[in-house]
Amino acid sequence: MPTPLFSEKQAFLQGSFAKPEFITTMHERYHQLLFAYSHYLKETDIARIEIIDDSVIMVTRQHGFKLLCNPQDQRTVPIEILNFGAYEQEELECIFNLLTSASVILDIGANCGYYSLHLARHYPLSKVYSFEPIPATFENLQKNLELNHVSNVTAYNIGLSDKAGTLPVYFYKQGSGNSSLQNLSNGEEVVQVDCEFRTLDSYIEQIPEQIDFIKCDVEGAELLVLEGGLDIISKHKPILLFELLRKWAAKFNYHPNDVLQILEKLDYRCFAVDSGQITPIEKIEDHTRQTNFVFLHRDKHADKF
């Protein structure tokens with residue numbers, strides 16, 4: 001990968017720099033950053049950065065997970081942690097408090113596997129099924145599972161929606177987490193990738209065990225996942241964690257409250273996740289700042305609220 005770092009070295013080898021000038025240039029422009037990061041990391045959940053042949057791996061401080069960095073993805077989870085200190089720790093803490101044990105967990109919209117890794121580690125006797133439709137992102141997911149020697153996660157290179165088939169996904173390589181069945185960013189770099197999709201209900205016979213938890217983060221298509229999984233949700237009554245953003249839902253011509261209304265008919269109550277706790281919420285208003293919501297069944301989870 002040609003970079004200024006390589007150009008400086010090539011210029012020196014070709015005689016454009018004297019050795020003392022080359023040493024000073026490399027240190028001041030590049031190597032000094034290594035020491036800057038050694039101080040910067042202390043304020044984040046990244047404990048260390050491993051630079052190996054053709055790869056950069058970040059290791060989280062709290063749980064020691066290794067996360068591969070994509071050089072083009074500016075919003076991949078390890079970079080988000082590096083930028084903002086942590087990533088959705090409150091949501092994970094909330095789930096761990098609510099879910100005392102789990103037989104089967106579904107991670108819909110797994111991306112790089114951040115949730116799958118945490119859930120698999122926290123519930124070592126569970127089976128975690130991860131769904132990620134985009135081949136490039138799925139490859140990154142598989143590598144992260146291998147790096148962390150996770151054995152209780154089964155990853156599927158498919159997406160879930162309200163119907164089965166091959167559908168175009170708008171893939172944004174600079175921010176893979178914003179890839180969606182709709183073009184959310186409208187950027188020039190967005191490309192369409194044909195991906196395989198199925199319905200959640202099509203797995204109702206393949207997953208005979210009790211499904212205890214479903215996390216769904218699919219950039220606006222959450223309603224479609226729900227509509228394709230009503231039978232399996234009605235049967236198992238799992239705890240649900242849905243990301244619901246008004247701006248993304250609008251791209252699919254619905255409002256997040258449509259999700260609340262459907263789940264209300266299945267006897268679910270909605271709770272906003274806030275500071276690691278859950279707060280009952282009847283509907284999502286324009287001023288609602290939370291974007292992650294837990295749904296608990298009124299009878300099955302009555303002891304949790």
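**Close-up 1. Ring pairs join Tyr 129, Phe 131, Tyr 156 and Tyr 203 into a cluster.** Rings of Phe, Tyr and Trp (its six-membered ring) pair if their centres lie within 6.5 Å; planes under 30 degrees apart are stacked, over 60 edge-to-face, and the rest tilted. This is a predicted model, where local features need pLDDT of at least 70 and side-chain atom pairs 80 or more, while totals for chains, interfaces and linings use all residues. Residues are numbered from 1 along each chain as its sequence is written, and side-chain values use heavy atoms, without hydrogens and water.

**Close-up 2. Tyr 129 meets Tyr 156, one pair among 11 aromatic pairs.** Their ring centres are 6.2 Å apart and their planes at 20 degrees, so the pair is stacked. Tyr 129 belongs to strand 5 (residues 127–131) and Tyr 156 to strand 6 (residues 153–156), so parts 27 residues apart in sequence are tied together. Strands are DSSP runs (E, at least two residues), numbered from the N terminus. Tyr 129 has 10% relative accessibility and counts as buried, whereas Tyr 156, at 25%, is partly exposed. Buried means under 20% relative accessible area, exposed over 50%, and partly exposed in between (1.4 Å probe, protein chains only).

**Close-up 3. Phe 242 and Phe 295 form an edge-to-face pair.** Here the centres are 6.0 Å apart, with 80 degrees between the planes. Phe 242 sits in strand 11 (residues 239–243) and Phe 295 in strand 14 (residues 292–297), so the pair links parts 53 residues apart in sequence. Both Phe 242 and Phe 295 are buried.

How values were computed:
Helix = DSSP H or I, 4+ residues; strand = E, 2+ residues; numbered from the N terminus.
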